[in-house]
Every structure is written in C-alpha cells, then in structure tokens.
Amino acid sequence: MKKRVLAGFFLSLSLVLSACSGGGTAPAEQGKSAEGPAKTELIVAAEQEPVGYDPHKVPAASSLRVYALIYDSLTKLDENMNIVPNLAEKWEIAPDGKTVTMFLQKGVKFHNGKDMTAEDVKFSFERIMNPDTGSIAKSYFSSVEAIEVKDPTTVVFKLKNADASFVANTASAYASIVPAGSTDLTKEAIGTGPFKMEKSESGQYVLLKKNADYFNKELPKVESIKFQIMKDEAERLAAIRSGKVDISMVSADSAKLLEGKPGVQIKNYQSLEYSYLGINVNKKPFDNPKVREAISYAVDRNQIIQTVWKGEATLTGPIAPALTNSALDPATYPTYKTDVEKAKQLLAEAGYPNGFETQIETAATYPDMVETAQVIQQQLKAIGINAKINQLEWGNYIDTWKSKDMNLMVGRNTSGVDADRSMRFFFSTTGSANVWNYSNPAYDELVQKALTTVDQAERKKLYDEAQTMLVADAPNLFLASPKNYYAVRDNVDFTPSAAGEVYSLIKTSIK
C-alpha cells in the first residue's frame with residue numbers, strides 16, 4: 001500500500017513521531033564540539049504511526065519508511081531507479097537464467113556487532129518464503145527452489161525457472177536481510193542499515209541514530225532522524241513554517257499555500273504511486289463482472305484528478321505512467337470513458353436495476369483518500385449505488401486491507417520499478433498483496449510467462465495484454481498517479497525522487 005503510499009502499498013503512508021518528551025535537539029540545530037564536526041538531527045513530520053517494524057511482514061508505508069533505514073537489502077535503487085549493488089557488491093546470472101550468485105560486501109556488521117554473512121541471507125529468504133511467516137514478499141521469490149551458502153560472502157539462488165524480476169525484487173525493503181535466528185522482529189529492529197533504532201514513543205516519535213559502522217562510510221549525512229507523528233496536516237504546516245520540523249510531505253493544496261513563504265522550499269516529483277478503488281470480487285454483488293464494469297463506467301477519473309489532486313496527477317492503469325517502458329496509455333481502456341447510461345444498463349443486466357447499498361473503507365488521516373472516497377460516493381449515486389464511507393484509523397485500515405474481507409476500499413499503491421510488482425504481486429491468484437481475491441487462470445499464465453521471459457520486447461507484449469485484461473476484469477479501478485510534494489526548510493539539502501524517500505533521506509544534510 002503506498003506511501004502516500006501504501007498503500008500504497010501497497011501502499012502509500014506514514015510514520016513519525018514527536019519531540020514531546022525529549023530525545024532530540026531542535027530542528028537543524030548544529031553545535032560544534034571539541035570531539036569533532038557538528039552534529040545534526042533531522043526532524044521529519046509524518047502522517048501516521050508505524051504499525052510494526054518486521055520488514056518481511058508489515059506492508060504499511062508508515063512502517064516501511066522507518067525500517068527501510070534500519071535494514072538493508074541485497075540490491076537497491078539509485079536516483080534514476082536503476083538496480084545497483086547494496087549488501088551484494090555484485091551478482092552473476094547463469095546463461096540459462098536459473099542460477100543467481102550473489103557476492104556479498106565484506107566486513108558488514110549488524111547493529112549488535114555480529115558479522116553479516118551468507119547464512120543471514122539464506123535465513124532471511126527462507127523466512128520470507130516460509131508460508132508460516134506470512135511475508136508480504138513471499139510471491140516475489142516463488143521462483144526460488146533452493147538457496148546454497150558457498151562461503152561466508154557467497155550465496156547461490158537456484159531457481160525453478162528463469163526469473164526476469166528476481167534481482168529487481170531483491171531491492172525491496174520487504175526483502176531486507178535480518179540476523180539468522182531472528183524470531184520476534186516486532187520487539188527488536190537489528191539490521192545493517194545506515195541508522196539504528198534509538199527510541200520509539202507510541203503516538204509521539206521514532207528516533208533513529210546514525211550507524212557509525214555503516215559499510216558505506218560516506219553515508220548517512222546526519223547524526224539522527226526523528227520521525228515526529230503529526231496526523232493533522234494543519235499541525236504539519238505550522239511546524240514546517242515555524243522550523244519545528246525540517247521536512248514534511250504536503251498535499252498539492254498545502255504546497256500552493258506554502259509556495260514563496262520564507263524559510264521553506266517546495267519540492268515535487270512524479271511518483272510511481274497510484275490511487276485506486278479496490279473491489280472484493282468474492283463479495284456479492286461484486287463477484288459479478290458486470291457490476292464491476294458498471295462501476296468503472298460510472299467513475300469519472302478526470303474529475304478525481306481535478307477535485308482531489310487539483311490537476312497535479314495523471315490518469316493511470318495498473319502500472320503507473322512514470323514507468324514509461326511498461327505502462328499502457330489509459331486512453332486504450334474502454335471503461336475509462338465515463339458512461340452513466342451504459343453503467344445503468346450493465347447493473348440491470350446483472351440483476352440490480354435499482355442499484356444497491358454498500359460501504360467504502362478508507363484511511364481517516366489521509367485527506368486525499370477520504371476525498372477520493374467522497375467523489376466516488378457521489379458518482380456511484382448516479383447509477384443507484386449508495387455507498388457509506390467508513391473512515392478507519394491507520395492500524396484498523398491496514399488490518400482491514402489484510403483481512404481480504406472488505407467490500408470496496410480506497411487506497412494507494414506503488415508500481416515499483418518492475419512490472420512484476422504491479423501485475424503478479426498484486427493480482428495473480430497467489431500474489432502476496434492480492435487482497436481482492438481476484439483469480440483468473442488466463443491472467444496468471446500471462447504474468448508468469450512474462451516473469452520467465454528475458455526478451456524485453458516480448459515481455460512488454462505480455463504485460464500489455466495482462467494490463468488490458470486486468471482493467472476489463474476490474475478487481476481494482478486504477479484512478480490517478482499524483483505528483484508528491486515535500487515542504488523542506490531552506491537549510492536542508494533534501495531531494496525527493498520516485499526512487500523512494502529512504503534514498504533521499506540517507507543523503508540529506510543540514511547546511
């Protein structure tokens with residue numbers, strides 16, 4: 001669910017916490033000491049509280065935002081969204097594509113002082129693939145048949161079939177490397193990442209301290225990051241203007257309000273995220289494809305873009321348009337052309353000439369989600385569907401998403417950097433994030449074939465066909481891919497990008 005996410009993620013997102021009970025200096029405070037250079041603390045406002053720190057099990061963007069700074073994965077993204085080395089300094093793929101050998105960085109230590117070795121990598125991936133774990137990343141690695149430790153710095157993945165997405169999927173924070181033997185990662189967060197967990201005060205803040213032994217000696221740039229929980233946007237706006245926080249995500253409306261204000265910069269980027277209306281295909285009447293098609297014809301996506309995102313978003317399909325090499329033009333989808341009369345006809349054919357009552361779940365503390373639900377509520381009334389909106393607190397929202405027992409749900413996800421995440425992860429029958437109970441053997445065959453196809457032109461054809469099929473079946477209505485906005489204090493060097501907040505924060509410095 002994504003960050004703004006996660007929805008997004010899978011979303012889209014939240015975390016942070018306040019400085020109410022000490023545990024940090026004032027924002028951007030710098031003080032030279034006799035021991036060495038100035039020490040700095042970066043304070044980031046966050047919309048939601050983390051709901052756990054287990055990277056293999058917790059999909060909430062509010063949690064990922066924190067644990068992605070504590071843990072490392074084998075690979076990572078750079079600012080151009082290329083897959084580059086991380087804990088693995090290099091890798092080799094056999095000619096048949098069925099063996100991937102990862103060569104690990106030497107001398108990497110966990111925050112508890114233990115050396116990170118190939119045994120930890122093997123343990124982490126086997127934990128992810130174990131059905132008992134309930135890992136959100138399980139379907140990412142369904143191609144893995146066996147994992148072999150060749151020596152302390154070499155691990156070999158034996159695959160059942162060639163997997164064109166395998167290396168890209170190892171960049172996910174959901175595939176973080178944890179210490180071998182880890183059991184309850186909800187109570188401890190020990191990774192190899194650039195920051196260590198220092199303190200967490202429920203409802204207030206999470207404080208991370210720089211890992212002085214981080215294997216990349218040039219990073220991070222600040223001594224600590226405090227995520228301060230501020231669920232109300234007005235509070236976040238006041239805090240960024242007064243200098244009580246250094247960085248805050250803001251809405252398009254708030255970005256306009258802050259533009260030109262002293263001490264604050266507004267920075268934006270076209271995200272890989274998209275907003276959606278999720279439809280549970282196991283629940284009546286949504287098990288009828290004509291009902292889902294009718295809803296798609298009834299929803300005016302352009303109105304959502306103008307009303308919710310103030311025009312600062314683009315139409316999207318299952319793959320966000322920022323992934324230009326994979327995304328289909330939404331103009332190719334017939335059901336994107338709003339047609340209320342056709343929608344009414346389809347409902348009548350499905351046996352609901354007078355419509356029906358239903359419920360839309362959404363997250364109470366994300367204004368764009370609430371507003372999207374409200375716009376859709378009004379649009380559905382035109383075809384006789386009366387939808388009550390249920391605004392959930394973040395933890396309840398995540399639980400509802402995971403339950404697979406909702407009717408309709410407004411949320412956000414991110415496409416990631418490989419079409420496999422957008423398509424197989426969210427919508428194949430066995431996809432780890434398929435909470436909509438969607439199951440189509442023809443679709444499964446397409447995305448599995450795309451996974452094992454190395455030729456990029458052929459892969460593109462397969463994903464084009466899969467996108468068209470998915471939009472027609474409509475287990476989700478894909479709505480808008482927005483720009484994301486950050487308000488940043490003038491003395492903070494922070495450059496957001498679609499590669500993810502974690503990559504920006506690691507490089508952030510205070511002038």
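1. A residue is termed buried under 20% relative accessible area, exposed over 50%, and partly exposed in between. D184 has a relative accessibility of 31% and therefore counts as partly exposed. The model under discussion is predicted. D184 lies in the loop that runs between α3 (166–169) and β10 (195–201). Between the C-alpha atoms of D184 and F356 there is a separation of 45 Å, the two residues being 172 residues apart along the chain.

2. Helix α2 comprises 12 residues, 118–129. At 1.5 Å a residue, a helix of 12 residues should span 16 Å, and the end C-alpha atoms of α2 lie 17 Å apart, which agrees with that expectation.

3. Which residues of α2 are buried? They are A118, D120, V121, S124, F125, R127 and I128. An α-helix has 3.6 residues a turn, so residues three or four places apart point the same way. The packing partners of the buried residues of α2 are the strands β7 (99–104), β8 (144–151) and β9 (154–159).

4. Two packed helices are described by the angle between their axes and the distance between the axes. For helix α11 (residues 419–427) and helix α13 (residues 456–473), the angle is about 45° and the axes are 11 Å apart. The crossing in which α11 passes α13 is left-handed. On the α11 side the contact is made by A419, D420, M423 and F427, and on the α13 side by R459, Y463, A466, Q467 and L470. By class, this contact of α11 with α13 has six nonpolar residues, one polar residue and two charged residues.

5. With helix α12 (residues 441–451), α11 packs at an angle of about 135°, and the axes of the two helices are 10 Å apart. Are α11 and α12 parallel, perpendicular or oblique to each other? The angle places them in the oblique class, and α11 and α12 are therefore oblique to each other. The crossing of α11 past α12 is left-handed. In this contact D420, M423, R424 and F427 of α11 meet Y443, D444, V447, Q448 and L451 of α12. The residues of the contact of α11 with α12 divide into five nonpolar, one polar and three charged.

Definitions and conventions:
Residues are numbered from 1 along each chain as its sequence is written. This is a predicted model: local features need pLDDT of at least 70, side-chain atom pairs count only at pLDDT 80 or more; totals for chains, interfaces and linings use all residues. Side-chain values use heavy atoms; hydrogens and water are left out. Helices (H or I, at least four residues) and strands (E, at least two) are DSSP runs, numbered from the N terminus. The expected span of a helix is 1.5 Å times one less than its number of residues. Buried means under 20% relative accessible area, exposed over 50%, partly exposed in between (1.4 Å probe, protein chains only). Contact means heavy atoms within 4.5 Å. Axes are lines fitted to C-alpha atoms, for helices over the stretch in contact, and angles run from 0 to 180 degrees between N-to-C directions. A crossing is left-handed if the near helix is turned anticlockwise from the far one by less than a right angle, and right-handed if clockwise. Ala, Val, Leu, Ile, Met, Phe, Trp, Tyr, Cys and Pro count as nonpolar, Asp, Glu, Lys and Arg as charged, and the others, Gly among them, as polar. Angles under 35 degrees count as roughly parallel, over 145 as roughly antiparallel, 65 to 115 as roughly perpendicular and the rest as oblique.
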